[in-house]
Structure formats: structure tokens, C-alpha cells
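Me: I would like to learn how to read a structure like this one, feature by feature. Could you take me through it with the general idea before each case?

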Amino acid sequence: MSALLSVSDAHVSYGKVEAVRSVSLDVADNEIVTIIGANGAGKTTLLNAIMGVLPLKGATAFAGTDMAPLDIEDRVAAGLCLVPEHRELFGTMNVEDNLELGAFRIPKATAARSFEKVYTLFPRLKERRKQLAGTLSGGEQQMLAMGRALMGAPKLLMLDEPSLGLAPIIVADIFRTIGELRAAGVSVLLVEQNAQAALQIADRAYVMELGEFILSGSAKDIASNQRVAASYLGFQHEGASGI
Amino acid sequence: MNTTIMLFLLQDGITNGAIYALLGLALVLVFAVTRVILIPQGEFVTYGALSYAVLATGKVPGTAWLAMAMGLVALALDLFDARRSLRLKRVARAFALNIVLPAAILALAYGFASPKAPIAVNIALSLLIVAAIGLFLYRIAFQPIAHTSVLVLLIASVGCHLALQGLGLVFFGAEGLRGPALSNAALTIGPLRFTGQSLAVYGLTIGFIIALWLFFGFTLMGKALRATAVNRLGARLVGIRTTLSGQIAFLLASLIGAISGILIVPITTLYYDTGFLIGLKGFIAAIIGGLVSYPLTAVAALIVGSVEAFSSFYASNFKEVIVFTLILPVLVLRSLAAPAVEEEKD
């Protein structure tokens with residue numbers, strides 16, 4: 001399989017502080033890849049830089065084209081989509097308008113089909129389509145953020161902490177949906193602190209610590225790695241989060 | 001108090017208020033989408049009005065040349081921005097928008113320049129000229145600093161106002177001008193006489209408000225503009241170009257300003273600097289609406305217009321003072337009611 005997204009030797013800095021150092025990763029077609037790591041490891045920074053929200057030093061290619069000269073809007077048009085940590089919904093607009101805007105860059109006819117797909121994936125959104133996005137519960141907002149991203153028919157969906165602040169039962173729901181995306185032909189790059197849940201649905205994983213990748217491999221190998229088990233899965237083995 | 005006088009004053013106030021409403025709505029729109037407090041709104045009024053008046057005398061106004069010059073600068077900026085990836089399509093688009101458009105407007109202005117040109121043509125031409133100026137003003141002055149704070153944008157806005165006002169003096173001279181009326185028809189209801197002009201003011205204001213409502217509520221582009229206002233990053237992440245939203249906001253604002261000017265100039269003599277004061281009254285209405293609420297702004301504009309009419313009758317020396325004092329209790333109330341908000345960073 002050819003790489004859909006490939007990032008090599010990426011550096012991201014905030015002023016003089018280098019938050020991401022010499023990171024290389026790739027995501028193939030129809031693959032779910034996760035980046036796990038503790039708070040402050042640089043995961044969100046890396047995703048934002050791949051999207052073009054932050055400047056990235058290094059080489060990034062998406063679907064075979066160099067992304068360096070493209071700004072965020074062009075990357076969206078190329079099929080790269082980010083569901084950011086804070087969701088960035090249009091709070092004073094209703095669910096339907098939020099979704100409609102997700103299809104801003106694609107033709108109207110395709111958008112109609114996207115609506116159907118998203119409503120099948122998240123029936124809750126259909127029930128609430130006239131409700132203002134800002135009045136939705138946290139879980140519904142996350143669904144809307146993912147739905148809005150999927151409206152644009154992306155090739156690669158980047159999810160930043162989709163489980164953040166959500167009840168376990170909703171987290172399970174969201175992760176099940178992420179698994180379903182693969183069947184719909186969407187690749188996923190997932191950034192998570194909930195390492196156990198992420199490793200269960202992912203094909204491959206990278207472990208990030210202090211701005212660098214310290215481990216990479218198949219999700220199975222990473223899950224059984226001693227160090228990862230101690231640092232990232234330790235709590236959850238006892239906690240039995242039910243996912 | 002005499003009822004007839006009161007009705008006259010009210011009628012006068014509502015006519016003025018309708019104009020302020022248009023300007024106030026444009027200010028709210030521009031602020032919501034770009035965070036720019038559009039001080040040069042008044043110059044759009046002056047430019048629209050005086051370009052129309054000059055065209056009516058059969059001459060080509062200097063503003064047509066200004067649009068051309070600004071287009072050249074905008075093209076240079078576009079090419080500089082795109083220097084790393086100079087694709088033919090991009091260059092062609094920049095050339096069409098920044099050179100072909102103002103050149104076509106200039107050519108049309110020369111083609112139609114005659115004292116006998118129909119009023120509709122002159123109106124269309126002045127609208128086109130001012131719309132182009134508004135578009136390029138955003139490209140030149142605000143797009144490069146779109147990410148900065150509200151304060152920086154405000155300072156740039158004041159700078160644009162001063163520059164445009166100075167250019168207005170060059171183009172139109174210190175003498176005031178008046179333009180021909182849109183219609184000489186009149187309608188009498190009871191003691192009130194409605195001129196065609198004031199009916200045009202009402203009609204256009206209501207028409208514009210409905211058009212804006214339809215645009216923002218039901219079109220994808222209108223929703224995209226709202227989205228940019230609500231969440232700039234969110235808008236970019238779905239592929240909405242904030243520069244495009246900014247351009248459309250400025251285009252609408254300059255159009256609204258120019259239309260207001262064309263509506264006023266047959267009623268009162270306008271000078272190169274009159275627009276500022278008119279724009280400022282629209283600004284008061286927008287502030288009363290908290291720079292966010294369209295309906296509140298429209299209502300506040302009608303109140304501003306009425307207060308102005310009554311105070312010019314009873315205390316004409318203090319007319320402006322009374323109108324601008326309106327803003328004080330509103331600011332005090334608003335600052336008491338609203339919690340302190342840190343400026344949003346994005």
C-alpha cells in the first residue's frame with residue numbers, strides 16, 4: 001500500500017521552544033493509526049502542524065503531493081480533515097447548518113449523499129438537526145464535530161482526543177464509529193490519551209514522549225510492550241474502563 | 001406640543017434612522033466577520049454620493065481612478081503572497097479581479113460620461129466604483145493584518161478613514177455637491193407628505209434587511225460568513241477562506257455605504273467629510289446593538305434618527321451633542337451587565 005500521508009523529519013516550535021522534534025510518520029490507505037502519549041507530549045501540536053494551523057519544518061506529503069505550499073483550506077479541499085481537540089463548532093448555528101458547512105468545499109450533489117451517510121453514522125444528530133450546536137451535550141458535540149468533518153468526504157480524518165471529557169458509554173460509541181469509518185474508505189489518524197481504547201481499534205501505533213516518537217509498530221505489539229503497559233495502560237488495567 | 005410637528009419630526013427621524021440602520025448593519029456585519037471596526041464606512045457614503053453627483057454632471061469622478069490604482073496595489077500584494085507557487089490559474093484570477101475589473105469600471109465610466117446619462121446608469125456606476133474600492137481596501141489594508149488584535153485593526157481602520165477622507169478632498173474639492181433625486185413623485189397621507197426619495201429610503205432599507213436576512217439564513221455563502229464570525233478556526237477547518245469572507249463583508253459594507261450616500265445626496269448637500277458624521281451615527285446604533293445584534297442595531301438606528309430630528313428642532317445647537325450622548329448610558333449599562341471579557345485569541 002502507498003502512503004496516503006507521509007511526514008518526515010518534522011519539527012514544530014513555539015518561538016524558541018521545540019514542541020515536536022524530528023518526527024516521521026505515515027498513514028496508508030484504509031488504515032487506522034494512533035499516536036498515544038501523555039498530556040503535553042506534543043500530539044496535538046503535531047496534528048495541528050500537519051493540518052497547517054501551526055508552521056511545520058520538514059516534509060509532508062498527502063496523496064502524493066507536497067503540502068508545504070498549501071494552506072489549511074487547500075488541505076481540506078485535498079481531502080485532509082482535522083477534528084480538533086476543542087471541536088471548534090459553530091455554536092450559535094444549528095446542527096444541520098454545521099453539517100452543511102462541513103461540505104463547503106464539495107459539490108452540492110455529493111453533499112446530499114454525505115448528509116445521509118453522517119445521519120446513518122450518528123442517528124442522534126438527525127434527531128437534533130434543528131438544535132443549536134452550542135446547546136448539545138459533550139458527546140453530541142463530538143459526534144457533530146466528526147460528522148462535520150465527514151461531510152467533506154475526507155480521505156484522511158485526523159481526530160484529536162475524541163474521548164476527552166466524555167462518559168465511558170459515549171466513548172465506546174465514538175470508538176465503534178471510528179472503527180466503522182474504515183469500512184467507508186476513510187483512513188484515520190487518532191491522537192488519544194485513552195491508550196487502551198485507541199490501541200484496540202488501531203492497526204498501527206506511535207508512542208510520543210516529550211515531542212519525540214519513542215516507539216512505533218503494530219498496535220498489538222505496542223499494547224504488549226512492557227514499557228507502554230507500565231506508563232500508559234497501567235491505570236486502566238485495574239480501572240476496567242469497560243471498553 | 002403640536003401633533004403635526006411631532007409627526008413631521010418623527011417622519012424625518014425615521015427617514016434618517018433608516019439610513020443609519022443600513023450603516024449600522026454593515027458595521028455589525030464587518031465587525032462580526034473580520035473584527036474590524038469600520039471607521040471608513042462614512043467614506044463609502046461620501047464616495048458613493050459624490051461619485052454619483054459628479055457622474056450626473058457628465059464627468060468621471062476621481063474615485064474611478066482610485067479603484068484602478070488600488071487594484072494595481074492589490075495585484076502586487078497578491079503576486080507577492082503567491083510568489084512561492086505562481087500557478088497560472090492563480091495569477092490569472094488575481095489579474096482578472098485586480099486589473100480587469102477596475103479597468104472595465106473605468107472604461108464604462110468614460111463610456112457613459114455625459115450629462116444626459118440615465119440616473120440608473122450613474123447609480124450603477126457609482127456602486128461599482130465604491131464596491132471595488134471596498135474590496136481592494138480589505139485586500140490592501142486589512143487582509144495582511146487579519147490575524148492581529150482588534151486594537152491593531154482599529155488603528156488601521158482610523159488610518160484608512162483619514163487617507164480616504166484626504167483623497168475625497170482631492171477628488172471632490174471642498175465645495176459640497178448635490179445629486180439629482182431618484183424620483184420626483186410624492187405621496188400625501190393626511191398631513192404628511194412622502195417624497196419619492198424618502199419612500200425609496202424606506203423601500204431600500206427594508207429590501208436590504210430582507211435580502212441580508214435571506215443571504216445569511218439560507219445561502220451557503222451567507223452561512224459561511226456567519227461561521228467565520230462565530231468560529232474563525234472552525235471555518236478554516238471546513239475549508240472556508242477567511243480572506244474570502246472578509247472580502248465579501250467589505251464588499252457588502254461598501255455597497256451599503258454607497259447606496260446610503262446616493263439616497264442622501266439629493267436631500268442634503270454632502271461635503272467630502274460629511275460621511276464620517278453619518279457613519280458615526282450608524283456606529284452609535286451598532287454599539288447600542290453591542291456590535292453583535294442586527295435587530296437591536298436597526299431599532300437603535302431608528303431611535304438615533306428620531307432623537308436627532310427632535311433635538312434639531314428643540315435645541316439645534318446641541319443636536320450632535322445630544323445624539324452622541326445617547327451612547328453613554330448604553331455603555332454604562334452594558335459594562336455593568338456584561339462580565340469582563342478577555343479578547344479572544346486565534
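Reply: What follows goes from confidence to strands, then to the contact between chains and to a pair of helices.

Me: What ipTM and pTM does the predictor give the complex, and where in chain B is confidence lowest and where highest?

Reply: This is a predicted model, and the predictor gives the complex an ipTM of 0.89 together with a pTM of 0.85. For chain B the mean pLDDT is 89, with 97% of its residues at 70 or more. Within that chain, confidence is lowest in strand S1(B), residues 186-189, at a mean of 80, and highest in helix H6(B), residues 150-172, at 95.

Me: In what order do the four strands of the sheet in chain A lie, and which strands stand at the edges?

Reply: In general, the strands of a sheet pair through backbone hydrogen bonds, in either a parallel or an antiparallel sense. In chain A, four strands form an open sheet in the order S2-S1-S4-S5, and the pairing is antiparallel. Strands S2(A) (17-28) and S5(A) (65-66) stand at the edges with a single partner strand each, so one side of each is left without a neighbour in the sheet. Two bridges join S5(A) to strand S4(A), residues 57-62, and A:Ala61 stands opposite A:Asp66 of S5(A).

Me: How many residues lie between S1(B) and S2(B) in their hairpin?

Reply: The hairpin has two residues between its strands, and B:Gly190 in the turn has a positive phi of about 60°. The strands S1(B) and S2(B), the latter covering residues 192-195, pair in the antiparallel sense over four bridges, and B:Ile189 has B:Leu192 of S2(B) as its bridge partner.

Me: How many residues does each chain bring to the contact between chains A and B?

Reply: Chain A brings 21 residues and chain B brings 17. On the side of chain B that touches chain A, helix H8(B) (220-230) and helix H9(B) (232-237) each supply at least two residues, and H8(B) gives the most, with six. By class, the residues of that side divide into eight nonpolar, four polar and five charged.

Me: At what angle do the axes of H1(B) and H11(B) cross?

Reply: Two packed helices are described by the angle and the distance between their axes. Here the axes of H1(B) (residues 3-34) and H11(B) (residues 274-288) come within 7 Å and cross at roughly 65°, which makes H1(B) roughly perpendicular to H11(B). Their crossing is right-handed. Among the residues making the contact are B:Leu23 and B:Leu27 of H1(B) and B:Phe283 of H11(B), and by class the contact has nine nonpolar, three polar and one charged residues.

Note on methods
Residues numbered from 1 in each chain as written. Chains lettered and ligands numbered in written order. Predicted model: local features only at pLDDT ≥ 70, side-chain atom pairs only at ≥ 80, totals over all residues. pLDDT = per-residue confidence, 0-100. Pairing = 2+ DSSP bridges. Contact = placed C-beta atoms within 7 Å. Nonpolar A, V, L, I, M, F, W, Y, C, P; charged D, E, K, R; others polar. Axes fitted to C-alpha atoms, helices over the stretch in contact; angles between N-to-C directions. Parallel < 35°, antiparallel > 145°, perpendicular 65-115°, else oblique. Left-handed = near helix turned anticlockwise from the far one by under 90°.
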